[in-house]
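The plan is to go through it piece by piece and jot down what turns up.

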Amino acid sequence: MENQNRKGWLYLLPAALFLGVFLVYPLIDVLIYSFEENFNFASQEGTGVGLYNFSYVLHDPYFLQAVKNTFILVFITVPLSTGIALLISLGLSSIKKLRNAFQTIYFLPYVTNTLAVGLVFMILFKKTPYTDGFANQIINFFGGSSVDFIDGPYWAKMFVLCFYTVWVVMPFKVLILTSALASVNDTYYQAARVDGTSRSGIFFKVTLPMISPSLFYLVITGFIGAFKAYSDAVALFGTNLNVAEMNTIVGYVYDMLYGDSGGYPSYASAAAIILFTIVLTITCINLLVSKKHVHYS
Amino acid sequence: MKVTLQNLTKKFPNRNKKVKGDVIAVDDVSLEIPDGTLVGLLGPSGCGKSTTLNLLSGLLQPTEGKIFFGDDDVTRLPPEHRGVGLVFQNYALYPHRTVMGNICFPLENLKGEQKLTKQQMQEKALEVAKLVQIDGLMERKPNELSGGQQQRVAIARALVKMPRLLLLDEPLSNLDARLRLQTREEIRRIQRSTGITTIFVTHDQEEAMSISDLIIVMKDGAIHQVGKPQEIYDDPIDLFVATFLGTPPIHVFDANVKGEKLYIGGKAVLDVPGVADQDITAAIRPEGFELDENGAFEAELDRVEVMGRDVSVVCRHENCQADAIRAIIPSDAQVDTAKATVRFDLKPGKVYLFHKETGKRIRVEG
């Protein structure tokens, strides 16, 4: 028994070692950094322990802007992308002809590089001396006046960011949901039909509960992913996100470490801990809600 | 309620492009099922029995022909307006609902005047649950039930809206052997106590024989014979029906008739008055052999299997299409196992003659 035990620990050792060095240690380190005041990176010394870093970050207008941006992004894109993905998947699973072709088309953004997609969005939305961009051409066609989506008003920039995010995360969700829908046995639908269930009844009472585990998985990972958004904003608005008012929490952490105003690991750590707390809270709420509405068979 | 099928045909488009024409799953079936009977739709897999069931439920639309429930033409009626209860082979219980939720499901879809309050639904659900004896399991989820219990829930769900017709698709195929015996009695009991016309599909002839009032034997989309189980067994209309029913199966011999006598392997074994001289196929039920030292039918003795109630004599004959003949005789009969051969007399009522090419029955006079 004792021997067995030792063997077990031996097998666990490599993974435990890697996780310890690259995950657990940095996590603890970040936590320590976040409470150390006036930490000097060069001398590796601080003046004491306290909540000053958190206080600074929470009073930093750039951070508050980043929090606002992140929350708008999360609460618009996650429900929207999941909803649209569900509609697309339902559409895909009800057609027979050209189904594979459509599936491929919907999956293309997933294999396309973020920055390449950013370029495409530039062409769609960016105003240059030569053209107002494709989106503005459409607006002009319907009689509206041009909007600068990249360097213009806040709402326009936020619209582009949300649009971009929804578009980028969509393929994966469509992929997961189409396979979830395909795995629902056809006899459930037949049984529901014989029992006189309306189309909406079948959707809400049969389809939705059956695919709820996949849906829940997408919502959880969607929330976490959107809270960690950063590269998308960079692809659209460049690296100087604070000036563009388009920074995200992760962007703020990055700026505090390496940006022009960088070199403040304590502030970065405090911001990271705040982000961690937010994500943890939201995920816990998700889990509580899911207990009632998600059905694992 | 009486159910009538009129020249019912269902064709499916052929997926195999090399073969032209449609696949005919149900071929010009006409049938009348009397009110309140338990009917077994029997046939080998791919014979169109499940398609027939789906046509009755309305999940499939026939290519041609009509379906009547009582005097109503329901051919074009969608499933929800037909008033049928359907039990699927895999039960199709909703895994996210409790037993109560599953049984209530059909009631939740009622509209207008038929709409029920939650309490009324639960009362009705409990009523049928008592009928199928699962009223103690109402709060369980389907994955917490055994196969037999799931089956009962499925039947309860089909019964709760008081269907005019109950359809069961291979109801016993997912159960183990013991449960199968138990459940088929249960289906019989439920059908008796509700009086609902019930049709069940099966490929197991024993299952069909044991509980049905009426058996419909199908093959290749066409009905071969309709009748009471014993009638079909005793008086098969063709070779297919004769071979499909009965365990152990009937023994088929290449034989010929000459001078109103049946010859198997060149020996006259039975008088067959009224049958013209020709090559024929003869079939003998296992219980059609009678041990007799001077019997006309001689076979090569292999072994004797004692089964308590009776004895099965396993023997061989070169004209038999199967490798071994199993003759079932009473256990008090003495078989001399030292001999190389065994002799039987044949019981006239257990020997059937069929046309060599068409397989149609040739009847013996008298």
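Predicted model: local features only at pLDDT ≥ 70, side-chain atom pairs only at ≥ 80, totals over all residues.

Next I followed strand 17 of chain B, residues 310-316, to its partners. Strand 16 (residues 297-306) of chain B pairs with strand 17 in the antiparallel sense, over six bridges. Within that pairing I found B:Val304 bridged to B:Val313. The hairpin of these two strands has three residues between them, and B:Gly308 has a positive phi near 90° there. I also checked strand 18 (residues 325-330) of chain B: it pairs with strand 17 of chain B, again antiparallel and over six bridges. Here B:Cys315 sits opposite B:Ile325 of strand 18.

**Entry: the mixed sheet**

Which order do the strands take in the mixed sheet of chain B? I read it as 6-7-8-3-9-10, six strands in an open sheet. The edges are strand 6 (84-87) and strand 10 (222-227) of chain B, and each of them pairs on one side only. Ignoring direction, neighbouring strands in this sheet are turned by 20° against each other on average.

Helix 4 (residues 147-159) of chain B packs on the sheet, and I see it touching strand 6 and strand 7 (165-169) of chain B. The direction of helix 4 makes about 165° with that of strand 6 of chain B.

For a parallel pair I picked strand 3 (residues 38-42) and strand 9 (residues 214-219) of chain B, which are joined over four bridges. B:Val39 has B:Leu214 in strand 9 as its bridge partner.

**Entry: helix 2 against helix 3**

At what angle do helix 2 and helix 3 of chain B pack? I got about 115°, with the axes of helix 2 and helix 3 (residues 118-131) of chain B 9 Å apart. The crossing of these two helices of chain B is right-handed.

I listed who meets whom. Helix 2 of chain B brings B:Met100, B:Ile103, B:Cys104 and B:Leu107, and these meet B:Met121, B:Gln122, B:Lys124, B:Ala125, B:Val128 and B:Ala129 of helix 3 of chain B. By class, the residues of this helix contact are eight nonpolar, one polar and one charged.

**Entry: two domains in chain B**

Chain B is split into domain 1 (3-244) and domain 2 (251-362). Their C-alpha centres are 39 Å apart. I counted who takes part in the contact: seven residues of domain 1 and eight residues of domain 2 of chain B. On the domain 1 side, I have five nonpolar residues, one polar and one charged.

**Entry: chain B meets chain A**

How many residues does each chain give to the contact between chain B and chain A? I noted 16 residues from chain B and 15 residues from chain A. On the chain B side, the elements giving two or more residues are strand 6 and helix 2 (99-108). That side has 10 nonpolar, five polar and one charged residues.

**Entry: chain A**

Last, I turned to chain A, which has 13 helices and two strands. Its C-alpha atoms fill a box of roughly 75 × 75 × 30 Å along the principal axes. Of the 297 residues of chain A, 30% count as buried. I also took the contacts in chain A with a separation of 6 or more: residues 24 or more positions apart account for 66% of them.

Which residues of helix 12 of chain A are buried? For helix 12 (residues 249-258) I have A:Ile249, A:Gly251, A:Tyr252, A:Val253, A:Asp255 and A:Met256. Their cover includes helix 3 (61-94), helix 10 (231-237), helix 11 (241-244) and helix 13 (265-293) of chain A.

Terms used. Residues numbered from 1 in each chain as written. Chains lettered and ligands numbered in written order. Pairing = 2+ DSSP bridges. Axes fitted to C-alpha atoms, helices over the stretch in contact; angles between N-to-C directions. Contact = placed C-beta atoms within 7 Å. Domains from an automatic or database assignment. Nonpolar A, V, L, I, M, F, W, Y, C, P; charged D, E, K, R; others polar. Left-handed = near helix turned anticlockwise from the far one by under 90°. Buried ≥ 20, exposed ≤ 12 C-beta atoms within 10 Å, placed from the backbone.
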